[in-house]
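Here's a quick briefing to read alongside the model. Have a look at the fold, then go through the points below.

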Amino acid sequence: MSYTALYRKFRPKTFDEVKGQDHIVQTLKNQITAERIGHAYLFCGTRGTGKTSVAKIFAKAVNCESAKDGSPCMDCSTCEAIESGSAMNVVEIDAASNNGVENIRQIRDEIQYAPSVGRYTVYIIDEVHMLSIGAFNALLKTLEEPPAYVIFILATTEPHKIPITILSRCQRYDFKRISIETIVARLSELMEEEKVEVEPRAIEYIAKAADGSMRVALSLLDQCIAFYMGEALTYEKVLEVLGAVDNEVFSRLTRSVVDGDVVGAMQILDEIVMQGRELGQFVNDFIWYLRNLMLLKSSDNAENIIDMSKEHLDALKAEAEMVETPVIMRYIRILSELSAQIRYSSQKRVLIEIALIKMTKPTMQKDDASVINRLEQLEKAVAEGNVMAVKQPTQKTSQQAPTENKPVEQPAKPKYEKAVPEDVQHVVDNFQKILRVVPPKIKMAFNNVRFAVEGEKLLIIFPQGDVGYSLCNNRETIEMFKRIIGEETNKEVEIEMKELEATNRFEDYYQEVKKKVKMDIEEEDF
């Protein structure tokens, strides 16, 4: 007798055997029990979540001679015929290979005749989004007003590709990804039935790798069992078959990246390549590992949602103390971009090496997360006493004497005369000239400011809540303006930046300043 794959052998035959889709199963059972059966259904969801299986069970239930609580009995001749695929009143169509107008016209011709066996003729159209526009148009009228004995069940993984005119004529059911816990429970149950010894950690990893698909989980498990036929299936053996990488490797790699150790990271990658691991899966698993690290860093109770053993969780907690959340997010962004690029690349290793260097050397990038990463590395170097003075290269000539031990003289800071109110007013009058030499980002922050003279002090006033105030009100920016004003006027002007209170208007504030210092105030908006 030929071998039957696990996903086919254990395909659900009744509603009770469907796992992870209770909201859909209960609704369909209620419709059958109450005889409120619709004429068109749309089953949406990712691969392997039970769309076609539920469609066949529904077809058996509506035609079953002795249905029990809305579920097929599996004992009558109708259930047996539908299960074996010999029933004439249940038609399965693959829209990927039967997507033309003539295929839909054939259905329109067939539904003119009532079924000879059973109550309903059920058409199950899989991957319905593959139909051509002409085929959808041909299906439209039939789908809107079919005979009372015809039921259409459309299944798709991409509902957004289906015309709205079709969607509006169907009852839509969205199949959820099956949880890891549900997949683990089902696989454990089936392995007991098959009398195969499987380590719990191995089943958990297969369930996670299945990405919410029961069919994929059964296929992966079937593959692992076949490779180690007659032996107990362990976690390490599953990693070997699936080309996956253990968490211990990710832990070492993360520490190398955080420490800025390019050589160490490359050596770990070389180990992975030499072991024959699948590099695309390695990148995806590394993203998942960093995701767990980010959750652990961001939440006090993340242990409840991280599927990981205690020893690996302890190692993850130690790594969480070594790196900040924005840096982890930067790592994930780099690897996510890599995951999209590596799929069709013939140089996967080179792309991974480039990504690891980016992660290890934040100086290569200028975004905020990279700056935070660089600061962390600098703080760590200072704490460990590994900071070295960086000498700027100088070009020596034959006439120059060696200056290795000669102290470097700092240029003297220019001294300017103290500004009087008239000088400050002159600065206000000509502030636009000063703005010409400041960085564009700072210049834009001065779009909504007003100026006032208070004795020998220049007041720069921002509206309340203006982002320019938080950007410019710092020692570095104020010193920059003082330096530029000194170079332009040879005067030392005190500068104060203020944020206008919500209860005050600019005009009120000006009157207050005028009255106080009895001086004119420049009201031009630069």
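**Overall picture**

The protein chain has 24 helices and 10 strands, where helices (H or I, at least four residues) and strands (E, at least two) are DSSP runs numbered from the N terminus. This is a predicted model, so local features need pLDDT of at least 70 and side-chain atom pairs count only at pLDDT 80 or more, while totals for chains, interfaces and linings use all residues. Residues are numbered from 1 along each chain as its sequence is written, and side-chain values use heavy atoms, with hydrogens and water left out.

**Burial, contacts and surface**

- Of the 526 residues in the protein chain, 43% are buried (under 20% relative accessible area; exposed is over 50%, partly exposed in between, with a 1.4 Å probe and protein chains only).
- Take the contacts (heavy atoms within 4.5 Å) between residues at least 6 apart in sequence: 73% of them join residues at least 24 apart.
- The protein chain's accessible surface is about 29600 Å², and carbon and sulfur atoms account for 50% of it (Shrake-Rupley method, 1.4 Å probe; for residues, only the protein chains shown count as cover).

**Two aspartates with positive phi**

- Most residues other than glycine have a negative phi.
- Asp69 isn't a glycine, yet its phi is positive, at about 55°; you'll find Asp69 in the loop between helix H3 (51–63) and helix H4 (77–84), exposed at a relative accessible area of 59%.
- Asp211 also isn't a glycine and has a positive phi of about 55°. Asp211 is in the loop between helix H9 (200–209) and helix H10 (214–227), and is partly exposed with 40% relative accessibility.

**Aromatic rings**

- The whole structure holds 18 aromatic pairs (rings of Phe, Tyr and Trp, the last by its six-membered ring, with centres within 6.5 Å; planes under 30 degrees apart are stacked, over 60 edge-to-face, the rest tilted).
- One of them is Phe446 with Phe481: the centres are 5.1 Å apart and the planes at 50°, so the pair is tilted.
- Phe446 lies in the loop between helix H21 (440–445) and strand S7 (450–454), and Phe481 in helix H23 (residues 475–489), so the pair ties together parts 35 residues apart in sequence.

**Charges over rings**

- Arg201 has its charged end over the ring of Tyr235, 3.9 Å from the centre (the cut-off: NZ of Lys or CZ of Arg within 6 Å of the ring centre and within 35 degrees of the ring normal).
- Arg291 places its charged end over the ring of Trp288, 4.4 Å from the centre.
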